[in-house]
Each structure stands twice: as C-alpha cells, then as structure tokens.
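Keep the viewer open while you read, and look up each residue as it comes along.

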Amino acid sequence: MSQRLTCDVVVVGAGMVGAACAFYAARAGLDVVVVDRGPVAGGTTGAGEGNLLVSDKEPGPELDLALLSARLWGELARELGPAVEYEPKGGLVVATSPGSLTALERFAAGQRAGGVVAEQVDGQALYTLEPRLAPGLPGAVRYPQDGQVMPALAAAHLLRASSARLFTGRTVTDVLRAPDGTVRAVRTDQGDIHAPAVVNAAGTWGADLAALAGTTLPVRPRRGFVLVTEPLPRLIHHKVYAAEYVADVASDSAALQTSPVVEGTAAGPVLIGASRERVGFDRSFSLPAVRALAAGATRLFPFLSEVRAIRAYLGFRPYLPDHLPAVGADPRVPGLLHACGHEGAGIGLATGTGHLIAQVLTGTTPDLDIAPLRPDRFTEEAA
C-alpha cells in the first residue's frame, strides 16, 4: 500500500459473521474495510452446512439472538434473491424413544415461552412430513422457523452487497494502539489500515486477534465432520435431527460425540452431520467420526444405506467455554469489538450479530441486551 489507507472500521475475518458485520455497518453509513489472510469463507463458514436454527437453543440470550437473526435472514433473502440458496424448510427434531419424546416436548414448551414456534407432531403425522424416516418413531417437534443457506455464497453476496473494501490474502500481524490504549490501526503483512474501530470476526482464530490487541478471549476450535452424498431428488424435506443433538451441542466434553443431523439441499446432495470433538487444529481424517455419522443417518433414514457418500469435509467451530458468542465492545481495549465464538451456530447467528455490532459502532442502543455476551465475562483462568 503506497498511500495511507483509512476507514471507519476494520472487520478482521471474511467469513459469514465478518460479512454480516461489514454489511450492517456499511448500511449504517460507515466506511468499512474487511481483511482476511485467506479467501472469502475460507475458514469455518466454508466448512459448514448453512444452518439457521432456533430449534436447538434453550430460552436465553442465544435464542434471543437466533430469533432476531432469523427475522433478518428472511429480510436478506428477499433482498438478495435465490443467489444465497435460502430455504425456510423448517426443522424436525425426532424422538427415538417415548422418554426422549417427553423430554423433547418439555424442552419445546420452554422455547415457546421464549418466542419459538414449536409444533408437536405425533407418530402418524411424522410420516406424512417425512415418509422415509425409520418406522416406529414415537413423534417429533417441528420448528418452522428453522432454515438453511449456502454459507459460502451467502458470505460472498453479503460482502458484495455491503460495498465494503475487501482485502483477502493479507494477514493481520498487530493491532496498533494509541498511548491511551485505544485502537488506531491494524498492521498487516502488506501495510497498515487506520481506523478507530476493529471488529474481531476471526472465528476460531479470535483468541489470536484478541492477543494482538493486548487482551484475551478464550476461543478454542471444536472439530466437526460433514458427510456428503451423491445428488438425489428431494427425498428429505426438513432439517431432521435426533433429540440427542441438543445435548451434544451443550456438552463440554472434549471426546468425540456424534448425533444424526440429516438434510437435503437445493443442489441435490444430502448433508449428514454432526460430530464434535476438541482436538486442536488437527485436520486429519477420522474414520470413526465419519462411520458414526453414516450409522446415525441410516438409523434415521434407512434408504440412505443404499446411497453413495461422495465426500466428507471437516471444519473447526469457534468454541467458548459457556457456549455463548462474544458480541460487542471490549471495555479493556477501547475501539476493539468482538463478533466471534458462535461455535456451530455462526451462520444462523451472523445477521443478528452484524446488526448488533453496527448498532454498537454507531452509538445506537442495541435491539437486544448484549450484556450476557460481553467479551470480558471470562475469568483469567478460562482465558
């Protein structure tokens, strides 16, 4: 960069959350630069299924953020059109035993009190919704607010619609601060970008960016695999998952956990998840994880045992110890804001996160109480 590059805000990270932060900040009238050491959607976003879920969240701040995000996703889909492959298909959470159905219906009752539409589905109606499910399942809860997008496309289209200046292939090497500690620029391997505000949307690398700014955020990677089948006609009509998935999402275990999540896509392949394990940034292929995914999917949908899997891919969810993202200004470093740590929910929560970050940047009262998401909520031991 031969000349001084300045803007109102630098967003570090060109994944889905960074794209949403850029989009809403630019819509609020700010001059935005987005910088990423890799390509658009090169991290967690490009390795995700594109889930937009309210169904797996209990009442509280994450559910509030999910409901705000779901409304905003609907607005964006109308604006961006079919390009992002938005499908408001609804979710179907299936009980595999009478006991799990009782627990699921109790969970859904609490969600309804938080604003979620959750419809009880008995065993007979279940097979009208999804005729190819395994026989004998006792019932389910249907969540019409659940949806899906193609995440890499959505991030790219949001960045384009934002008109933010985008610099990919540039690594942030430092966050420069004034003598009073306030942010004044980010240093990259290709020059400095001057701004009074920096948004940490670096996903699983959010801890590294926080450290460059002289603070801490205990983001850790949680590895997950997705199995992809050959293209099929639309044989699965919802996002379908077993009730045990909710417990796995909330678990603190570092060990391998799998619970079946199965859905068709606009392009034809069926996506099969979900696995979780904390193994650092180990990118090795795990046959036990992928076998467990296949076994869980065929238990839910026996016809899949005759379908070919054509590939598997992995990604790292940005995990924080209390399973809530960090969203908002960091009082320890004036001018630094965080928008990371969404674990496996970042695609769905991106719109609400970007909207709230833009409100904080412009001094507007946020639409939600973001105090439970404050970045400095962790003890030094957690960090």
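1. Let's start with the surface. Accessible areas come from the Shrake-Rupley method with a 1.4 Å probe, and for residues only the protein chains shown count as cover. By this method the chain exposes about 14900 Å², of which carbon and sulfur atoms supply 54%.

2. A word on where this comes from. This is a predicted model, in which local features need pLDDT of at least 70 and side-chain atom pairs count only at pLDDT 80 or more, while totals for chains, interfaces and linings use all residues. Residues are numbered from 1 along each chain as its sequence is written, and side-chain values use heavy atoms, with hydrogens and water left out.

3. Next, the overall form. The C-alpha trace spans about 65 × 45 × 40 Å along its principal axes. What radius of gyration does the chain have? The value is 21 Å, which agrees with the figure near 21 Å for a compact globule of 383 residues (taken over C-alpha atoms; the globule rule is 2.2 Å times the number of residues to the power 0.38).

4. The chain holds nine helices and 20 strands (DSSP runs numbered from the N terminus: helices are H or I with at least four residues, strands are E with at least two). Taking contacts between residues at least 6 apart in sequence, 75% join residues at least 24 apart (contact means heavy atoms within 4.5 Å).

5. Now look inside. Buried residues make up 55% of the 383 residues (buried means under 20% relative accessible area, with a 1.4 Å probe and protein chains only). The largest nonpolar core has 63 residues, and Met16, Val32, Val34, Trp73, Leu158 and Val199 have the most contacts inside it. Helix H1 (residues 16-27) gives this core its largest share, nine residues. Another core, of 25 residues, lies apart from it and includes Val94 and Leu304. (A nonpolar core is a set of buried Ala, Val, Leu, Ile, Met, Phe, Trp, Tyr and Cys residues joined through side-chain atoms within 4.5 Å.)

6. Leaving aside neighbours within four places in sequence, its contacts include Met16, Leu52, Tyr86 and Ile347.

7. Cys21 sits in helix H1. Is Cys21 buried or exposed? Cys21 is buried, with a relative accessible area of 1%. Beyond neighbours within four places in sequence, Cys21 is in contact with Val11, Val199, Ala339, Gly354 and Ile357.

8. Finally, Ser259 belongs to strand E16 (residues 257-264) and is buried, at 4% relative accessible area. The C-alpha atoms of Ser259 and Val32 are separated by 40 Å.

Technical notes. Buried means under 20% relative accessible area, exposed over 50%, partly exposed in between (1.4 Å probe, protein chains only).
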